[in-house]
Amino acid sequence: MKIVLASGNKGKIKEFEKLMPNDEVVAFKEILGDIEIIEDKDSFKGNAIKKAQTIYDELEKKGYKDIIVISDDSGITVPALNNEPGIYSARYAGVNASDKDNNSKLIENLNKKNIEKTSAFYTACIAIIYQNEVYTVHGWMHGNVINKELGQDGFGYDPMFIANGFEKTLGELGYEAKKDFSHRTKALNLAKKVLDVIL
Ligand SMILES: O=c1[nH]c(=O)c2ncn([C@@H]3O[C@H](COP(=O)(O)OP(=O)(O)OP(=O)(O)O)[C@@H](O)[C@H]3O)c2[nH]1
Ligand SMILES: [Mg+2]
């Protein structure tokens with residue numbers, strides 16, 4: 001099955017490709033080139049729908065029919081920091097912030113409150129659009145964030161996140177561990193059930 005991924009995040013694209021080995025997953029950029037989508041909604045769901053709808057509409061304009069578009073809006077929420085960065089995770093340290101910049105900002109804000117470790121969770125909302133119908137599903141992963149980066153694997157905040165039941169960060173454990181219980185895996189398992197019904 002050919003699925004167009006409405007994401008420009010290389011870490012996410014890699015994860016989707018691994019999670020859907022039997023499908024042809026194509027990042028939108030390969031078909032449409034660069035498109036900037038302003039994520040101005042107030043929820044993961046709102047932004048996920050906006051990303052999927054924008055790409056779906058552009059593909060339709062180009063004559064693509066019966067296309068399945070999937071998007072992912074995700075982020076990490078730290079209750080001890082007033083639920084920051086949440087939907088602003090990708091731009092916590094500013095509009096064009098790198099993962100490194102965002103991690104530094106999170107470390108800085110944890111240190112300001114003298115927090116070495118505190119509970120946190122990831123959310124992923126996946127939106128699916130097929131034949132102009134929109135479907136959304138969510139997945140979560142709970143654990144703790146720490147005020148330092150450990151390990152090189154994963155992307156984004158993974159080197160700072162220790163999932164419940166583990167001693168090491170996702171940056172140290174690597175993707176093979178993360179893929180069994182991540183927010184994205186859980187949301188995608190639900191998305192696959194939706195696809196089974198609608199296709
Ligand atoms: O360590 C992480 N492991 C994860 O599994 C994960 N999932 C999300 N995130 C963070 O949340 C932002 C999403 O923002 P986001 O959904 O707007 O994505 P994005 O802007 O990077 O790409 P796009 O899909 O919108 O094109 C990302 O940049 C990351 O910082 C993660 N960090
Ligand atoms: Mg984004």
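## Salt bridges

The structure holds 13 salt bridges, a salt bridge being a side-chain nitrogen of Lys or Arg within 4 Å of a carboxyl oxygen of Asp or Glu. Keep in mind that this is a predicted model, where local features need pLDDT of at least 70, side-chain atom pairs count only at pLDDT 80 or more, and totals for chains, interfaces and linings use all residues. As for bookkeeping, residues are numbered from 1 along each chain as its sequence is written, chains are lettered from A and ligands numbered from 1 in the order in which they are written, and side-chain values use heavy atoms, with hydrogens and water left out.

Take Glu39 and Lys51: their closest N and O atoms are 3.5 Å apart, which makes a salt bridge. Glu39 sits in the loop between helix H2 (29–32) and helix H3 (44–61), while Lys51 is in helix H3, so the pair ties together parts that are 12 residues apart in sequence. Helices here are DSSP runs of H or I with at least four residues, strands are E runs of at least two, and both are numbered from the N terminus. Glu39 is partly exposed at 27% relative accessibility, but Lys51 is buried at 7%. Those labels follow relative accessible area: buried is under 20%, exposed is over 50%, and partly exposed is in between (1.4 Å probe, protein chains only).

Glu58 is partly exposed at 26%, and Lys61 is exposed at 64%.

## The buried network

Asp158 and Lys178 meet in a salt bridge of 2.8 Å, N to O. This one links distant parts of the chain, with Asp158 in the loop between S6 and S7 and Lys178 in helix H6 (residues 175–181), 20 residues apart. Asp158 is buried at 1% relative accessibility, and Lys178 is buried at 2%. Both belong to a network of salt bridges that also links Lys12, Glu15, Asp72 and Arg184.

Now for Asp72, found in strand S3 (residues 68–78). Asp72 is buried, with a relative accessible area of 1%. Its side chain makes a polar contact with that of Ser74 at 2.8 Å; a polar contact is a pair of N or O atoms within 3.5 Å, where within protein one must be able to donate a hydrogen and the other to accept it, and residues adjacent in sequence count only if both atoms are side-chain atoms. Neighbours within four places in sequence aside, Asp72 is in contact (heavy atoms within 4.5 Å) with residues including Lys12, Lys51 and Arg184.

## Aromatic rings

Two aromatic pairs turn up in a search of the whole structure. For Tyr122 and Phe161, the ring centres are 4.7 Å apart and the planes stand at 55 degrees, so the pair is tilted. The rule is that rings of Phe, Tyr and Trp (its six-membered ring) pair if their centres lie within 6.5 Å, with planes under 30 degrees apart stacked, over 60 edge-to-face and the rest tilted. Tyr122 is buried at 6%, and Phe161 is buried at 0%.
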